[in-house]
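Student: I would like to learn how to read the features of a model like this one, step by step. Could we begin with the words we will need?

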2 protein chains.
Amino acid sequence: MTPPSKSQAKAEAKRAFLIEQATACLAEKGYANVSLRDIAKESGVSLGILHYYFASKEDLLLAVIASYKERLIDELEREVVTAPLDSWLPALVTVLGRSLQEDRKLHRLWYDLQAQALYTPVFLEQVHRIRARLHDLIVRMLRRLQTERQAPLAMDENAASSIVYSLIDGMILQSLLDEDKPAAEALALFQFAVQHFLASLFTLDQK
Amino acid sequence: MTPPSKSQAKAEAKRAFLIEQATACLAEKGYANVSLRDIAKESGVSLGILHYYFASKEDLLLAVIASYKERLIDELEREVVTAPLDSWLPALVTVLGRSLQEDRKLHRLWYDLQAQALYTPVFLEQVHRIRARLHDLIVRMLRRLQTERQAPLAMDENAASSIVYSLIDGMILQSLLDEDKPAAEALALFQFAVQHFLASLFTLDQK
DNA sequence: CTCGTTTTTGGACGATCGTCCAATTTTTGA
DNA sequence: TCAAAAATTGGACGATCGTCCAAAAACGAG
């Protein structure tokens, strides 16, 4: 093995650990209210460590964004690819709904980071990367839908995926904002909207 | 007139002016990166003035949120209420599209403030107030659509408005994030999505 | 004009921020 | 085993933050 492989792996692991802790800290307090000292304390290390593994605060935040949605995206992709042919869509909606309830703070962080990216160009690039993956996921889902229904979409593929993405994004944000609304109700509305809208993509709109 | 009416009016005007300047400053730099000194300098007043008219920074921000979307909402409501009966929907979509191009920084600020509200309960209340007005606007629009088409919605009224809101919200955010995409293209997609989706609200989804 | 009130100023205050570094401890490799 | 390298510490540094206040300036009523 190469000389630096052992230590490099160790360093990578620690970096990953710090990114994870930073993500948790950010999810709890939000971008505008979190400090490196918060993250250091939460991670059980000293302040200097953060600058040992990350060149700057911006660097750390970039790493957080880059590694952030991997888990959810991976889970969704697995669902799209491996679910049984006759029940993958309900399964997908179920996964989304579960995440909507269990990962609320992570979704909240995601909107926070997207808003920040609108002011910080270097963040915007990473955000685009994640959104591109989700768009790609939706496109594949739409193709699968077309195959199953043996019917073409009533519109351009990219337009359809953009619209589906926007709808899901907007509904997750709404669910986050309506914190007091019963979770079951929000979930039902969410699932109904996705189902209804996917169906509507196959029917032409007669003005 | 009551004794304090003259001076009160003057003070109110100054308050409104400061809120306006603070809004511009926030729209430019974002919540996380703006300071009271920025706002004071931009307004051409000293730092102490801000604490003379607003109890705290939080107070000022609350006032900004409260007065923020009034202009757009008023314009939309006027459009819904006063537009000619046969062309109000295209007119509404046009207004939204124009705002999407001209008020980009204000829309950006709106997402920033919503994200902040997810971490600051006292902001959340104001955000809810604005969203409630927009929801109400959409409900009235849907009712008008039902009257015109002489057909009922294929779903609950509140569900429909929630979904419409989410779609528009998500598409505006997407348009903001895709800064480089040609404005005309984004606008066309936005208008198409709204039109198509409104039509789909009247058709039952089979499956 | 004059005096009490309102408005405005400019700076001080403590707290907290990101950054940085010298010194120390821990780990590693020959 | 022991010196070189990597990892970690804890605090110092200047900058900037929101807050606050005493004093000056502008204003308005009698």
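Tutor: Let us start with residue classes: Ala, Val, Leu, Ile, Met, Phe, Trp, Tyr, Cys and Pro count as nonpolar, Asp, Glu, Lys and Arg as charged, and the others, Gly among them, as polar. This is a predicted model, in which local features need pLDDT of at least 70 and side-chain atom pairs count only at pLDDT 80 or more, while totals for chains, interfaces and linings use all residues. Residues are numbered from 1 along each chain as its sequence is written, and chains are lettered from A and ligands numbered from 1 in the order in which they are written.

Student: How many nonpolar, polar and charged residues does the surface near DNA strand C have?

Tutor: A residue is near a strand if its C-beta atom, placed from the backbone, lies within 6 Å of it. By that rule 21 residues surround DNA strand C, and the closest are A:Ser35, A:Gly48, A:Ser56, B:Ser46 and B:Gly48. Two or more residues each come from H1, helix H2 (36-43) and H3 of chain A, and from helix H1 (5-29) and H3 of chain B; helices here are DSSP runs (H or I, at least four residues), numbered from the N terminus. The surface near DNA strand C divides into 7 nonpolar, 8 polar and 6 charged residues.

Student: Which residues are the closest to DNA strand D?

Tutor: Among the 19 residues that surround DNA strand D, the closest are A:Ser46, A:Gly48, B:Ser35, B:Gly48 and B:Ser56.

Student: How are two copies of a chain related?

Tutor: In general, two copies of a chain are related by a rotation about an axis and a shift along it. The same surface serves both copies, since 100% of the contact residues of chain A recur in chain B.

Student: How many residues does each chain bring to the contact?

Tutor: Two residues are in contact if their C-beta atoms, placed from the backbone, lie within 7 Å. Chain A brings 38 residues and chain B brings 39 residues. On the side of chain A that touches chain B, H9(A) gives the most, with 13 residues, and by class that side has 19 nonpolar, 13 polar and 6 charged residues.

Student: Is B:Glu79 buried or partly exposed?

Tutor: A residue is buried if 20 or more other C-beta atoms lie within 10 Å of its own, exposed if 12 or fewer, and partly exposed in between, with C-beta atoms placed from the backbone. B:Glu79, found in helix H5 (residues 70-82) of chain B, is partly exposed because 19 other C-beta atoms lie within 10 Å. Leaving aside neighbours within four places in sequence, B:Glu79 is in contact with B:Trp88, B:Ala91, B:Leu92 and B:Val95. The C-alpha atoms of B:Glu79 and B:Val95 are separated by 8.1 Å, although the two residues are 16 residues apart along the chain.
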